[in-house]
Amino acid sequence: MGEQSPDGGRKTAKATGEAEPSGKSAPAKKTLARRAGAASEQASAMQAAAVKKAASAKKAASAKKAASVKKSASAKKAAPTKKAAPAKKAPAAKKVTVAPKKATARIKGTAPARTVVHPPSGESRTALVRRARRINRELAEVYPYAHPELDFTNPFQLVVATVLSAQTTDLRVNQTTPALFAKYPTPEDLAAANPEEVEEILRPCGFFRAKTKSVIGLSKALVAGFGGEVPGRLEDLVKLPGVGRKTAFVVLGNAFGRPGITVDTHFQRLVRRWQWTAETDPDKIEAAVGALFPKSDWTDLSHHVIWHGRRICHARKPACGACPVAPLCPAYGEGETDPEKARKLLKYEKGGFPGQRLNPPQAYLDAGGKPAPPLGAG
């Protein structure tokens, strides 16, 4: 039997040193577990709430920033711009014209590739000489048969025809001189002619009275001063009635083979378009252009330029789109640049029409040129 305490009850576990039965401590453990779980849940909830609050704050900040940026952009767009002081109106920039690299297959064929033409402002002397000579070489390829477009068989006929060509075309002169030279073949014959009869022959040339006076006067001067022969020196030729430097150089270059530059209206127009010179006086043009070329080139140069002026680079409607020297021309664009339309502007053999001479050189005929019709034909 067990030992009893003085009060008749059982001894406590503390007093006896025996373990307390397990059933007696279970409620406490559960309570502690519940409290721990509740604390853990509360901590998790607090942590989740903090995370949620931080996310909300971040989202709100982003929205606030976006609204601020939008508001700033709207304000900037809505804000009236400050009106600038009226600036001085600048002149319209000159349109840069485009020129073909080469002639349209030497005036026939398809449109070529194109390149920008730069005006030669500030062009050096060396560059000008090179460009001018290149233009002459290009024209020599286009007009290899270039020649004086007045019919003549001797120096006398050439000097008379050149005097008559003032203020009219070479074609008209060529149609008129056959009758004149048939009736007055030598200076002696023309010097003794009846002025009224000569006027009637020369009437188609225009200014026929003044021209009659000139050709009879120069014939008399040839008979009196040079034995009926045309002189081969410039200083002698310019003394003849109606003969100036232009006429003298035509005669010297084509009847005597002595180089000279013929500054007619076509020559003057083209060399200024090409900016070889800005001079307007024929004598100054002659000197300026002559300095760009060897003297041996002067006569052929004159033919090339004059032929180009009559056939392609016309005064009023230059055929820029069919021009073989377009890439070298500062004035490209002054005329028709469309190749097809430009080809319709070509004159004489380039346009499929007769030339100006009734009796042209064989080389011209071989190249496809057609002789002009006589006066009154067609």
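This is a predicted model: local features need pLDDT of at least 70, side-chain atom pairs count only at pLDDT 80 or more; totals for chains, interfaces and linings use all residues.
Residues are numbered from 1 along each chain as its sequence is written, and side-chain values use heavy atoms, with hydrogens and water left out.

Helix α4 (residues 155–164) and helix α10 (residues 245–255) have axes that come within 10 Å and cross at roughly 150°, where helices are DSSP runs of H or I of at least four residues, numbered from the N terminus, and axes are lines fitted to C-alpha atoms over the stretch in contact, with angles from 0 to 180 degrees between N-to-C directions. The two helices α4 and α10 are therefore roughly antiparallel (angles over 145 degrees). Their contact (heavy atoms within 4.5 Å) is made by Pro155, Leu158, Val159, Thr162 and Val163 of α4 together with Thr247, Val250, Val251, Asn254 and Ala255 of α10. These residues divide into 7 nonpolar, 3 polar and no charged, with Ala, Val, Leu, Ile, Met, Phe, Trp, Tyr, Cys and Pro counted as nonpolar, Asp, Glu, Lys and Arg as charged, and the others, Gly among them, as polar.

Helix α11 (residues 265–273) packs with helix α13 (residues 298–311) at an angle of about 90°, their axes being 8 Å apart, which makes α11 roughly perpendicular to α13 (65 to 115 degrees). On the α11 side the contact is made by His266, Phe267, Arg269 and Leu270, and on the α13 side by Ser302, Val305, Ile306, His308, Gly309 and Arg310; the residues of this contact comprise 4 nonpolar, 4 polar and 2 charged.

The structure holds 7 aromatic pairs, defined by ring centres of Phe, Tyr and Trp (its six-membered ring) within 6.5 Å. Tryptophan 276 and phenylalanine 293 form a tilted pair, 5.4 Å centre to centre with 55° between the planes (stacked being under 30 degrees, edge-to-face over 60 and tilted the rest). Tryptophan 276 lies in the loop between α11 and α12 (282–290) and phenylalanine 293 in the loop between α12 and α13, so the pair ties together parts that are 17 residues apart in sequence. Tryptophan 276 is buried at 4% relative accessible area, and phenylalanine 293 is buried at 5% (buried meaning under 20%, with a 1.4 Å probe and protein chains only). Elsewhere, ring pairs link Tyr143, Tyr145, Trp307 and Tyr364 into a cluster.

Threonine 177, in helix α5 (residues 170–183), is buried, with a relative accessible area of 3%. Apart from its neighbours within four places in sequence, threonine 177 is in contact with Ala161 and Leu164.

Methods: Angles under 35 degrees count as roughly parallel, over 145 as roughly antiparallel, 65 to 115 as roughly perpendicular and the rest as oblique. Buried means under 20% relative accessible area, exposed over 50%, partly exposed in between (1.4 Å probe, protein chains only).
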